[in-house]
Amino acid sequence: MARSCLAVVLAAGEGTRMKSDLSKVLHPIGGLPMISHVMKAVTGAGAGSVALVLGRQAEAVEQAAAPFAGEMSTWVQEQRLGTANAVLAARQVIEQGFDDILVIFGDTPLISRETLSRARAGLAGGADVAVIGFRTDNPHGYGRLIERDGALVAIREHKDATAEEQQIDFCNAGLMAIAGSKALALLDAVGNDNAKGEFYLTDIVEIAIRKGGRAIAIEAPWRETIGIDTRVGLAEAESLWQHEKRRELMLSGVSMIAPETVFVSHDTIIEPDVVLEPNVMIGPGVTIRSGATIHAFSHLEGATVGGNCSVGPFARLRPGADMRDRAKVGNFCEVKKAVVGEAAKINHLTYVGDAVVGAGANLGAGTITCNYDGVNKHVTQIGAGAFVGSNSAFVAPVTIGDNAYIASGSVVTMDVPADALAFGRSRQVNKEGRAPVIRARNEAEKRRRQKGEPKD
Ligand code: UD1
C-alpha cells in the first residue's frame with residue numbers, strides 16, 4: 001500500500017532582505033509564485049496533505065498555494081523561535097499520523113519532485129530521518145552534514161561548528177523527510193541551547209541516533225536546493241529555471257536561435273517545430289502550435305498561436321488573442337481578446353482588440369479597432385475574406401460582412417453588408433493648376449521671414 005505523506009512547508013519568515021511589501025514566497029519564478037512551485041514539487045512527490053506554516057500575509061500565500069496542494073491546512077507560528085518550533089506549529093495535523101513527513105522551506109522553489117521522492121524512499125528503506133544535502137565550494141553559513149560510515153550522524157549549524165567541521169563542503173539544504181511515527185517525539189526533544197538560541201530542526205538527526213534510530217543524507221544537485229533571500233537570489237533562481245525550461249522545450253522539438261534571450265513561463269505550451277527567434281518574451285497562459293514562428297522582439301501573454309502562424313517581429317499578443325492556423329500578425333501589431341481567423345493577415349502597425357476577424361481577411365497597415373468609449377468595451381466583427389484598406393478605424397460595435405471592401409482611410413461607424421464596398425471618408429477634390437500658386441505663396445513667405453519683413 002502506498003505510504004501516506006504530509007508536507008510541512010515553512011513560510012513564516014519575514015523575508016526582510018527582499019525589501020518588499022510582498023511576502024517573499026509570493027515573488028514569482030517563471031511567472032508563478034515560489035510557494036506554488038514548492039507545492040507542485042511536494043504534491044508531485046506524493047504528499048497528499050500539506051501543512052502550511054505562515055507568518056504575515058497569510059491569506060495571499062494560502063491562495064497561491066491551495067490550487068497546487070491536495071488537502072491543505074494552514075498554521076501560524078506566533079513567534080519565530082526556530083525551524084523545529086515552526087514545524088511544531090502544525091502539531092495537530094502531524095498527530096493525525098502519516099507514514100512520511102516532508103519538511104520543506106517555502107523559499108526553495110527549484111526543488112524537484114524526484115529529489116523529494118528519493119528522501120521518502122530513504123524512509124521506506126528504514127531511516128528515521130533523510131536529509132537533503134548539496135555540495136558547494138562556498139559552504140559558509142550553511143549547516144554541515146556530518147557523515148560516518150555512510151550514515152548521517154549530525155547536522156552542525158555554521159555558527160556552532162568547529163573549525164574542522166567548517167571544512168566540510170556537504171551542506172544541509174534545509175529539506176528533510178522524517179518518519180511520521182517518530183516525528184513528534186524527535187521534534188519535542190529539540191532544545192535551544194545553541195549559538196542562536198533557536199529550536200533547530202537539524203538537531204533531530206542526533207536525537208534520532210541517540211534514540212537508536214538511523215539518519216541518512218541524500219545528495220541533490222546544488223541548483224535544486226537554492227533558497228532565496230534577496231532579489232539577487234530571485235534573479236539567479238529565475239535564470240536557472242529559465243535555462244532548464246528552455247532546455248526541455250528544445251529537447252521536445254522547439255527551435256531557439258538564441259535561447260538565452262528567450263523567456264517562458266511556468267505554463268507555456270509550445271509544440272514541436274515552432275521557431276522562437278531572439279528576444280521573445282512569453283508570459284503566462286500561452287500555447288503555440290506546431291510550425292509557428294515567433295519572430296524577434298515579440299511579447300506574448302494569455303494568447304494562443306495556431307499551427308504555422310507567423311508572429312512579429314515586434315508583435316504584441318495580449319490576453320485573449322486567439323490566432324487560428326496560418327494567421328499572420330506582423331510588425332508593430334497589437335492583438336487583445338480577439339480571434340484572428342485562419343490565414344487572416346494583420347501585417348503592419350495595427351491594433352485589434354475585442355474583435356473577431358474572419359478567415360482569410362486582410363487588414364491593411366494602420367487598421368485600428370476603436371473598442372473603448374472611455375467606459376465600456378465594444379466588439380468589432382470583420383467577416384471572412386474582408387479586405388480592409390490601410391489606415392481604417394472601426395468604431396465598435398460594428399460588423400463587417402464577409403468579403404466586404406473597406407476603402408483606405410475610412411472611419412467605419414455603421415455595419416457593412418457582405419460583398420459591399422464602404423467609404424467612410426470625405427470624397428477627394430482635385431483643383432487643377434493650384435499647386436504652383438500655393439508653392440509661389442509659400443516661397444514668398446519664406447523670403448519675407450528671412451529678410452525679417454513684417455507680415456502684410
Ligand atoms: C537553515 C538550516 C541550515 C541550512 C540552511 C539552508 C536550521 C536550523 N538550519 O538555516 O542547516 O543549511 O537552512 O538554507 O534549520 N523559518 C520559520 N520559522 C522560524 C525559523 C525559520 O518559518 O522560526 C523558516 C524561514 O522562513 C525559512 C526557513 O525556515 O524559510 C529557514 O530558516 P532560517 O532561520 O533562515 O535558517 P537558515 O539559517 O538558513
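How many nonpolar, polar and charged residues make up the shell around the ligand? By class, this shell has eight nonpolar, seven polar and four charged residues, where Gly counts among the polar ones and Asp, Glu, Lys and Arg count as charged. The model is predicted, so that local features need pLDDT of at least 70 and side-chain atom pairs count only at pLDDT 80 or more, while totals for chains, interfaces and linings use all residues. Residues are numbered from 1 along each chain as its sequence is written, and side-chain values use heavy atoms, with hydrogens and water left out.

**Ligand site**

- Of the 19 residues around the ligand (a heavy atom within 4 Å), Gln77, Gly82, Gly143, Glu157 and Asn172 come nearest.
- Among the polar contacts (N or O pairs within 3.5 Å), a ligand nitrogen lies 2.6 Å from a side-chain N or O atom of Gln77, and a ligand oxygen lies 2.6 Å from a polar backbone atom of Asn172.
- The ligand taken alone exposes 750 Å², of which the protein buries 86%, with areas from the Shrake-Rupley method and a 1.4 Å probe.

**Helix H9**

- Helix H9 (a DSSP run of H or I, at least four residues) covers residues 231-251 and reaches 30 Å from its first C-alpha to its last, close to the 30 Å expected at 1.5 Å a residue, counted over one less than its number of residues.
- Its buried residues (under 20% relative accessible area, 1.4 Å probe, protein chains only) include Trp241, Lys245 and Arg246.

Note on methods
Helices (H or I, at least four residues) and strands (E, at least two) are DSSP runs, numbered from the N terminus. Buried means under 20% relative accessible area, exposed over 50%, partly exposed in between (1.4 Å probe, protein chains only). A polar contact is a pair of N or O atoms within 3.5 Å; within protein, one must be able to donate a hydrogen and the other to accept it, and residues adjacent in sequence count only if both atoms are side-chain atoms.
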